[in-house]
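Please find below some notes for a colleague who is meeting this structure for the first time. They are set out as numbered points, to be read beside the sequence and the model.

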Amino acid sequence: MGEVITDFIQSMGIVNMDWRQLVMITIACVLLYLAIAKGFEPLLLVPIAFGMLLSNIPLSGVMNSAVSTIEPIGNVTNGIMEAGISTKTPGGLLYYLFQGDALGIFPPLIFLGVGAMTDFGPLIANPKNILLGAAAQFGIFFTFIGALLLGFTAPEAASVGIIGGADGPTAIYLTTKLAPHLLAPIAVAAYSYMALVPIIQPPIMKALTTQEERAIVMVQSKHVSKKVKIIFPIVVTIVVSLLLPAAATLIGMLMFGNLLKECTVTDRLSDTATNALMNIVTIFLGLSVGASAQAEIFLSAQTLKIFVLGVVAFGIGTGAGVLCAKFMNRFTKEKVNPLIGAAGVSAVPMAARVAHKVA
């Protein structure tokens, strides 16, 4: 009986917890508080934080990989012992969900849903606004150089720099291609900063603009016909894919989702992509990204560098977008509210909501 009790005690998570796991659980609880009590992107932050909580509970096994062993089956043929493969321990639930990230499956599905929710009409009506989105990507290149100086290889630096695009699916997709060993910290950093847009962006936006600039009322965009909106995703897919074939998967899914929305003959598919599919993939992606933030991986010098570079990239991207809008106003009649530049980072739709709220 004493041995049974001893074994039970040793199997308890609290007995096997070390300080790193305690730190990660605390961080997860703080993120849950921010999401639930403060309303900081709860649809994204709650799954991420809860996945982080689960994976850092000692012996939970939610991120354990499957363990396969080769065992002899006892038959001997021509002096050779036959062997059979048996899986002794299946992987944890979140380990299998994480394969959707590692294999690049979830990011394109997220882009499909985003495309089905996006109205490109204002961009088509006022193409100069594309410059704001381009300027907001400056943080990527700045961080790429910084990562190189800190000792990261070029593929690693590119994967870290893409955090500055504030686009979680793109960060995951690119990292799986260039630096898969950094997928966990980069994915967590990208999605954490996306969810924390309401904290990170407003101080930068207010510091770079005046009260008068923030009060600029933009004129109504000209009307864009339904035909143009239907042709737009088709043309963009062809042109971008021919110029950058490696981007065909992401841009293709984004534009396919938009085509479902605009063509009006696939309303059921558009509704599924916008609601059911988007919600399911968001749950799976959030939980698995959060679960990848295990203490032994997360609490390291390299991960700390990635997080610092990530927030720098995000801040510079936001600032560059705002400054680009201010620069454009010097040469155009129809003034652009500089806060729109902060929405140029790809934190869809969080950055746009923050810009609207600050204005």
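1. Leaving aside neighbours within four places in sequence, Thr-118 is in contact (heavy atoms within 4.5 Å) with Asn-258, Lys-261 and Glu-262. Thr-118 itself sits in the loop between helix H6 (106-117) and helix H7 (121-125), where helices are DSSP runs of H or I, at least four residues long, numbered from the N terminus.

2. This is a predicted model, in which local features need pLDDT of at least 70 and side-chain atom pairs count only at pLDDT 80 or more, while totals for chains, interfaces and linings use all residues. Residues are numbered from 1 along each chain as its sequence is written, and side-chain values use heavy atoms, with hydrogens and water left out.

3. Among the spans that an unreviewed UniProt entry lists as "transmembrane region" are residues 93-118 and 230-256; such annotations may be inferred rather than shown by experiment. Residues 93-118 are 85% helix and 0% strand, with end C-alpha atoms 32 Å apart, and residues 230-256 are likewise 85% helix and 0% strand, but there the end C-alpha atoms are 10 Å apart.

4. Helix H9 (residues 138-149) packs against helix H19 (residues 301-328) at an angle of about 145°, their axes lying 7 Å apart; axes are lines fitted to C-alpha atoms over the stretch in contact, and angles run from 0 to 180 degrees between N-to-C directions. The contact involves residues including Phe-138, Gly-139 and Phe-142 of H9 and Leu-309, Val-312 and Ala-313 of H19. By class, the residues of this contact are 8 nonpolar, 4 polar and no charged, with Gly counted as polar.

5. Gly-146, one of the H9 residues in that contact, is 28 residues from Thr-118 in sequence and 33 Å from Thr-118 in space, C-alpha to C-alpha.

6. Which helix gives the largest share of the lining of the second largest pocket? The largest share comes from H3, with 4 residues, and both H3 (19-36) and H12 (183-195) supply at least two residues each. The lining divides into 10 nonpolar, 1 polar and no charged residues.
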